[in-house]
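Subject: Structure handover

Hello,

Here is the structure for you to look over. My notes follow below it.

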Amino acid sequence: MEFHLRFLLTNFIGVHAFFFFISLATAELPRLQHPTKVDGSLSFLVVGDWGRKGAYNQTQIARQMGKIGEKLKINFVVSTGDNFYDDGLKSINDPAFLNSFTKIYKAKSLQKPWYNVLGNHDYRGNVEAQLSPNFRSVDSRWLCMRSFVVNSEIAELFFVDTTPFVDKYFVRPKDHKYDWSGVLPRQHYLSNLLKPNSILDKWRWFKSMER
């Protein structure tokens with residue numbers, strides 16, 4: 001029986017978390033393949049809460065990411081959500097995409113695939129726009145999906161957007177308007193992720209081991 005090292009990337013109640021654990025089961029999520037380096041190794045950067053149009057030190061951090069990315073010869077970049085502040089993207093033509101992403105992460109080492117999930121701030125905009133594959137014609141690095149798996153031969157990375165699990169965004173949204181297209185009916189959406197052998201079942205098990 002073969003064991004696999006698996007990573008779980010999730011956005012939960014506005015806090016980004018990065019967990020890893022060993023599992024035997026497989027999750028029924030879309031799967032993407034990303035090869036390792038020639039020597040069989042794998043390097044990547046993880047970032048979240050970044051879409052600030054260069055403000056709040058985003059530009060400075062992007063420069064440092066470029067330096068580290070070059071040193072490590074990274075394979076790709078992972079984003080854990082809140083990709084565009086304050087209220088996501090308005091449309092496929094929103095200049096925030098260029099001003100917060102393409103024009104900021106310019107380093108040669110960062111010209112690799114970016115695997116993205118949504119955060120709560122992203123849900124305040126046009127979700128379908130941010131998920132649109134059309135953005136790849138604007139910047140080929142961009143890939144954003146709700147939940148998926150990246151298989152890189154020596155590791156499997158699980159990307160799960162858990163924002164729809166947070167009750168307060170539905171019952172106490174304050175002055176914010178959330179775009180729940182693709183999520184409603186909510187119970188059906190949640191049930192699909194919570195069905196037996198799903199990745200969130202494994203996440204709940206992992207959290208129970210912390211008690």
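Is F101 buried or exposed? F101 is buried, with a relative accessible area of 0%. Keep in mind that this is a predicted model.

**Around F101**

The structure holds 23 aromatic pairs. One of them joins W50 and F101. Their ring centres are 5.8 Å apart, with 45 degrees between the planes, a tilted pair. W50 sits in the loop between β4 (44-47) and α1 (58-72), while F101 belongs to helix α2 (residues 96-102). The two are 51 residues apart, so this pair links distant parts of the chain. W50 counts as buried, at 3% relative accessibility.

F101 also pairs with W142. Here the centres are 5.1 Å apart and the planes stand at 70 degrees, so the pair is edge-to-face. W142 lies in strand β7 (residues 142-144), 41 residues from F101 in helix α2. This pair, too, links distant parts of the chain. W142 is buried, with a relative accessible area of 1%.

These rings belong to a cluster. Ring pairs link W50, F84, F97, F101, Y105, W114, F135 and W142.

Two arginines lie over ring faces. R141 is over the face of F101, 4.6 Å from the ring centre. R52 is over the face of Y85, at 3.6 Å from the ring centre.

**Cores**

The largest nonpolar core has 35 residues. W50, M65, F101, Y105, W114, Y123 and W142 touch the most other members. The elements giving two or more residues to this core are β4, α1, α2, α3 (127-131), β7 and α5 (186-194). Another core lies apart from it, with 11 residues, among them L42, Y115, F148 and L157.

What does W114 contact, leaving aside its neighbours within four places in sequence? The partners are V47, W50, M65, V77, F101, Y105, R141, W142 and L143.

**A buried arginine**

R146 lies in the loop between β7 and β8 (147-151). R146 counts as buried because its relative accessible area is 15%, and the cut-off is under 20%. Its side chain reaches the backbone oxygen of S181 at 2.7 Å.

**Backbone points to check**

- The peptide bond from Y85 to D86 is cis, with omega near -5 degrees. D86 is in the loop between β5 (76-79) and α2.
- L184 and P185 are also joined by a cis peptide bond, with omega about -5 degrees. P185 is in the loop between α4 (168-171) and α5.
- N57 has a positive phi, near 70 degrees, and is not a glycine. N57 is found in the loop between β4 and α1. At 47% relative accessibility, N57 counts as partly exposed.
- E153, likewise not a glycine, has a positive phi near 75 degrees. E153 lies in the loop between β8 and β9 (156-161). E153 is exposed, with a relative accessible area of 57%.

**Overall**

The protein has six helices and nine strands. Buried residues make up 50% of its 211 residues. Among contacts between residues at least 6 apart in sequence, 75% join residues at least 24 apart. The protein exposes about 11000 Å², and carbon and sulfur atoms supply 56% of that.

Best wishes

Methods
Residues are numbered from 1 along each chain as its sequence is written. This is a predicted model: local features need pLDDT of at least 70, side-chain atom pairs count only at pLDDT 80 or more; totals for chains, interfaces and linings use all residues. Side-chain values use heavy atoms; hydrogens and water are left out. Helices (H or I, at least four residues) and strands (E, at least two) are DSSP runs, numbered from the N terminus. Buried means under 20% relative accessible area, exposed over 50%, partly exposed in between (1.4 Å probe, protein chains only). Contact means heavy atoms within 4.5 Å. Accessible areas come from the Shrake-Rupley method with a 1.4 Å probe; for residues, only the protein chains shown count as cover. Rings of Phe, Tyr and Trp (its six-membered ring) pair if their centres lie within 6.5 Å; planes under 30 degrees apart count as stacked, over 60 as edge-to-face and the rest as tilted. A charge sits over a ring if NZ of Lys or CZ of Arg is within 6 Å of the ring centre and within 35 degrees of the ring normal. A polar contact is a pair of N or O atoms within 3.5 Å; within protein, one must be able to donate a hydrogen and the other to accept it, and residues adjacent in sequence count only if both atoms are side-chain atoms. A nonpolar core is a set of buried Ala, Val, Leu, Ile, Met, Phe, Trp, Tyr and Cys residues joined through side-chain atoms within 4.5 Å.
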